[in-house]
Amino acid sequence: MKSALEARLAALAAAGETMTYGDLARELGLRMADLTARLETLMEEDAGQGAPFRAALLRQRLSADHLPAPGFFQKAAALGISVLDPVAFVADQRARLR
């Protein structure tokens with residue numbers, strides 16, 4: 001059974017939308033630290049399955065290019081994913097999620 005987080009990310013992907021971390025945390029009733037920990041777990045699961053990162057659907061509130069927070073890229077690197085072009089990488093991840 002999907003968690004509320006997984007269900008919300010699936011809905012965002014299906015709609016081709018993104019959301020800020022803060023908006024998602026408020027919607028799900030989570031503290032930011034809890035949301036971050038859950039997103040990192042999902043990234044580990046996604047990497048293990050060779051799937052695109054569902055966490056790519058989130059963006060920083062003040063990001064002009066709608067990119068995820070730096071922690072997203074740090075976690076990707078920790079999982080062995082090299083991100084030389086963050087904009088292209090995130091666009092690819094989001095496209096693969098649709």
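Visitor: Is the crossing of α1 and α2 left-handed or right-handed?
Guide: Right-handed, for α1 and α2. Keep in mind that this model is predicted.

Visitor: Where do α1 and α2 sit in the chain?
Guide: Helix α1 covers residues 4–15. Helix α2 covers residues 21–28.

Visitor: At what angle do their axes cross?
Guide: Roughly 130 degrees, and the axes come within 11 Å. That angle makes α1 oblique to α2.

Visitor: Why give an angle and a distance?
Guide: Two packed helices are described by the angle between their axes and the distance between those axes.

Visitor: Which residues in α1 and α2 meet?
Guide: From α1 come Ala-4, Leu-5, Arg-8 and Leu-9. They meet Leu-24, Glu-27 and Leu-28 of α2. By class, this contact has 5 nonpolar residues, 2 charged ones and no polar ones.

Visitor: New topic. What is the secondary structure of the chain?
Guide: There are 5 helices and 2 strands. From the N terminus, the order is α-β-α-α-β-α-α.

Visitor: What does the C-alpha trace span?
Guide: About 35 × 30 × 25 Å along the principal axes. The radius of gyration is 12 Å. A compact globule of 98 residues would have one near 13 Å, so the chain agrees with that.

Visitor: How much of the chain is buried?
Guide: Buried residues make up 38% of the 98.

Visitor: And what share of contacts joins residues 24 or more positions apart?
Guide: Such pairs account for 53% of the contacts with a separation of 6 or more.

Definitions and conventions. Residues are numbered from 1 along each chain as its sequence is written. This is a predicted model: local features need pLDDT of at least 70, side-chain atom pairs count only at pLDDT 80 or more; totals for chains, interfaces and linings use all residues. Side-chain values use heavy atoms; hydrogens and water are left out. Axes are lines fitted to C-alpha atoms, for helices over the stretch in contact, and angles run from 0 to 180 degrees between N-to-C directions. Helices (H or I, at least four residues) and strands (E, at least two) are DSSP runs, numbered from the N terminus. Angles under 35 degrees count as roughly parallel, over 145 as roughly antiparallel, 65 to 115 as roughly perpendicular and the rest as oblique. A crossing is left-handed if the near helix is turned anticlockwise from the far one by less than a right angle, and right-handed if clockwise. Contact means heavy atoms within 4.5 Å. Ala, Val, Leu, Ile, Met, Phe, Trp, Tyr, Cys and Pro count as nonpolar, Asp, Glu, Lys and Arg as charged, and the others, Gly among them, as polar. The radius of gyration is taken over C-alpha atoms; the globule rule is 2.2 Å times the number of residues to the power 0.38. Buried means under 20% relative accessible area, exposed over 50%, partly exposed in between (1.4 Å probe, protein chains only).
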